[in-house]
Amino acid sequence: MAEKITAYRFDRLDQTLSQLNKENCSIIAGGTDVMVLHKSRRGVPPKIPNPVIFIDHLSELKRVYQNQKDLHIGACCTYSELLEDPLIPLPLKNAIKTIAAPAIRNRGTLGGNICNASPAGDTLPLLYVYNAKLLLRSVNGDRVVAISDFIQGVRRVGRQHNEILVEIILPSVLEEGSHVVFEKVGNRNADAIAKVGFAGLIRVNDSRVEDVRFAFGAVGPTMVRSVDIEKKLLGKPIPLADSDVAEVVAAFDKIIRPIDDQRSTAIYRKKVALNLLRYFLSSKQYQPN
Amino acid sequence: MNLKDISTSVPKKDHSGKVSGQLAYISDVKVENMVYGVLVRSPIAYGKIKSIQLPNFPEGYEAVGAEQIPGPNVVKIIQEDQPIFANEWVNYIGEPILMLVGKELDILYRLLNEVKIEFDELQAIYTLDDAIQQKSAPGVTMASYEFGENLDVISTIEQGAHKIIEEEYSTGYQEHVYLEPQGMLGIYKDDEIVVQGSMQCLYYIKNALISALACGDDEVRVVQSPTGGGFGGKEEFPSMMACHVAVAANAVKKSVMLVFDRSEDMVVTTKRHPAKIKYRTAIDEEGNILSMCVDVFLDGGANAGLSSVVLQRALLNSAGVYKIPHFHAKGYVLKTNTVPNGAFRGFGAPQSFAGIESHIGHISKLSKLDPLDYKRKYLVKQGDPTITKGQFRDPILMEDMIEDLLNASDFKSKKGEFQRFNQQNLRYKKGIGTSLFLHGCGFTGSGERDHIKATVKLVKSRDDKVLLKISNSDMGQGIYTTLSKIVAQALDLPFDRVLYPDPDTKEVPDSGPTVASRTTMIVGKLLERAAKKLKAQWQPGVEQEVVENYVHREMIPWDEKTFTGDAYPAYSWGVNIVEVEVDTLTGNVKLEKVYANYEVGKVIDDRIMKGQIDGGLAQGLAYGYLEKMTSKEGRIQQKSISDYGPPTSMDVVSIESKVFDNPYADGPYGAKGAGELTLIGGAPAVQAAIEDALQTSFQQIPITPEVIIESL
Amino acid sequence: MIKFTLNGRLVETDAPPTARLLDLIRDEFTLIGTKEGCGEGECGACSVFVNNHLQNSCLIPIGSIDGTDVITIEGIMESEQFKILDESYSSAGGVQCGYCIPGMVMASAALLSKNPHPSEAEIREGISGNLCRCTGYNMIVDAINLAAKKGDGLWQKK
């Protein structure tokens, strides 16, 4: 018969952390990625490396709150919960609405989307432009890392085995004045995996660029973002000159290196990523949202 | 039942069990002494098996292969080129070599990984283009036909022509994605093997089993389970699965269940044939067509299967709904070392209609006429000859249907409106396109008379209920309801007194397969006649039985060798208009509005017809721009539903449709076929709409965002 | 030992915690209305409610449902709401092959209980995780629309 599977489901986060400190476990939040990743064929449980530890029920991981201008989102909030939460910014809600379909959104979590570290993770481009920070907790205490440092490669993150992602912090996100755009390009209007993802943020002050950020999804092993390229636009007048737009597009042309796979082609991905960037930059005016 | 109009909808016979989920599909069934089967499949595309090394099996587990087949190692379809278990050559990745059987699936999956097979791998043919290059090599051409105007005559015409237009058009795979994956159960009994499962063609399976088991007619029995969608995917493919479970059940003396995983189903089952179609058309200075040559190449995959018949239908539809002067066509089915292609709703016609509608649309641009006006110039009329020297005998309502749809869609003002929109909008472009199409109902040529020879039976019980005894499957298209309704109406009997039990070959004669838009028209007509006969001899409280056999309509005899004569007894017709919006940054296409008019003789049930229209169009539209399947070195790349991308509820829009009455004398209450027709116009209309939006032309479907972005 | 409520009845199982809820429902509790169409959360044929939320039972390891309330199509079959959906699906012609339908009915009920007067776009979104290959969805959208009207006042009742 099948081997014995060890699994934990503690009532509290501290118990969970203390177990993680004792042994390396597969962490299951909503499970919508893990169950597919380790799927067996029909009629047989998935082969998830065990022991497994369930965390999606932990109330400590399900809070959303404001701390000054920062927004803190519990890692195990499901997408549906976030859609109903008044604190969640509209662009993030729009990004969440493009994820799969209601049943998955009722189960999948924001923390799961990050820790799964798929190159096509739907919320990731937006979290990158929000400069999201991640609060990781272990029995030894807390640490905060930038999302771009945490995600290191395809399905590879900088989580110590005794740590849990507790909160996603969106710094200053509740500040007025930024214009944020999110576009997911999939093969159909629901239940699609992104072929290209794009997020752009711009803040204009006195008709000049005060802050600007972009990130691209599904065009490389991790999200593509370049602070150096973004800096070139600071202080430029709005609407941006064609030459400024062209320079930024050319710079991304050099660093975006997508692949061919069963969903799309490298040529398409690159061209569409640059199209969306160019379109974003060429906008005549930016309304804060 | 006494409906003033037969088309008035009635509740579906099988509604309750389906809506509550309590109707048992094959994967819901468990029988005594049942084990599971899993298939060891070829990991290579082409080669010879050198050796097979089996692991040590735990007790109760064993392997079944070619040696256990009592009869010839062939799945009986048309040609004898498809082994039940490959034991010498393998011809595609995924070809079954052995079946492992046993009680627990997880043990079977482990054992699968432990089977070691050595091959001598040989150079495979992976693509249709490679096969076209090598078409004269032995074994590559699996079928070919040629007919039409003498090529010398065409050559003379071409010399005098203003211009010769050459186009090469290609179409991709289409996967059925029936919601219920393929499944088959072989039930072992002392005196018979019962095969039960998801299927469209009981007697195809029964004949395949009699051959495989080398047994008598009464030693095998085929029972249809509720079938969760077919679309052609459960036409010939289940014959192989039935042989697998029957041979295994016979060998291990247990009942054997084989149910596919979705990814397995997507990778190894038949698909719509990818095609390449070459057009060579001579035109004069005004853009009038002088002659046309069409060459059709179908990628058959590794086995012939039904491909020759698919090619016939592709060729018979190669001129679309047009009367083209000096028309010549030839076609080939070519072998590649890829998953075999087979039946899919439309059966060769969707490829041809996508191609011809596209080509004629492109030629029209040279004549300075609107594509639709140009097409109408060539539209066939009643009495016109077909391209095979048959005749369009019955009234054709296409002109009325087109005019009506132009009004319904407000076509003319939309054109202007979209032009203005497109001038102002840099990112999004709108377009509107049309398609005109037909579908030949029933088997090609003399198939009904010479091969199928359908028989139907009605049995009246002592309590005056009437049972339909026929071998046709309800796979969702609603024949439990429509055929029962025909009988109830003819007998003037309440609908609930007419019963249609799940077909079982022990109980029903061979009324033919559930394919080719034949069921309502051919089987329905036989049932109508049987019911009238029963009515004439009705004796209350007495058990009675009537049998009715197929009678062929008087036509110009079909000659398959010369490809001449009446290819079909009757045709159903359609017109589609589609509006799209294209995102020029991403190439994504959004359907905005869909309009459709059809003529299917007489509708048997309005609601069921609407279901066929909406479902068929959703598949047909998606075939044109959404669904994309590719094969790389013999391996299907899209193994999940989302990677392949059939439409979700958010991709489809509501469809405004109308059906025109034009009763057909040889159909029940005037009905002709409807199920396949509704798919055919989707792709060409969506292509025309995308071309209109972007003011460009494409030579392929699906027109994916990748194709669009490359064109911009 | 995992304990949870299944269609209102407290049940327990010693199946492995990584086993799929789908298999547990079908094999151990022999409830066949929950179908398997893809096993990857892409078709919705296995839709159930967990704590009143629509979920794909093929993606749920049973270890995570300890103490929760699981409802399958069998658990709503006797309800007034189901009766309305049944009639609406019948009169709108929403059922063809039937394989997606139990899941579709679950998605319909979930949508209407959250949003008793959905727009067409909201209906389409509500069933966007439930693949149907026969109907092209429109007659299912009609059915849900009809059910919303026929069952007005009923949807948010427990």
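This is a predicted model: local features need pLDDT of at least 70, side-chain atom pairs count only at pLDDT 80 or more; totals for chains, interfaces and linings use all residues.
Modeller: Residues are numbered from 1 along each chain as its sequence is written, while chains are lettered from A and ligands numbered from 1 in the order in which they are written.

Biologist: Which element gives the largest share of the side of domain 1 of chain A that touches domain 2 of chain A?

Modeller: Contact means C-beta atoms, placed from the backbone, within 7 Å. By that rule, 19 residues of domain 1 of chain A and 23 residues of domain 2 of chain A take part. Helices (H or I, at least four residues) and strands (E, at least two) are DSSP runs, numbered from the N terminus. Helix H4 (90-97), helix H7 (124-129) and strand E8 (151-153) of chain A each supply at least two residues on the domain 1 side, and the largest share, 5 residues, is from H7(A).

Biologist: Which element gives the most to the side of chain B that touches chain C?

Modeller: Here 46 residues of chain B contact 40 residues of chain C. Helix H1 (15-19), helix H16 (606-625) and helix H17 (641-644) of chain B give two or more residues each. With 8 residues, the top contributor is H16(B).

Terms used. Two residues are in contact if their C-beta atoms, placed from the backbone, lie within 7 Å.
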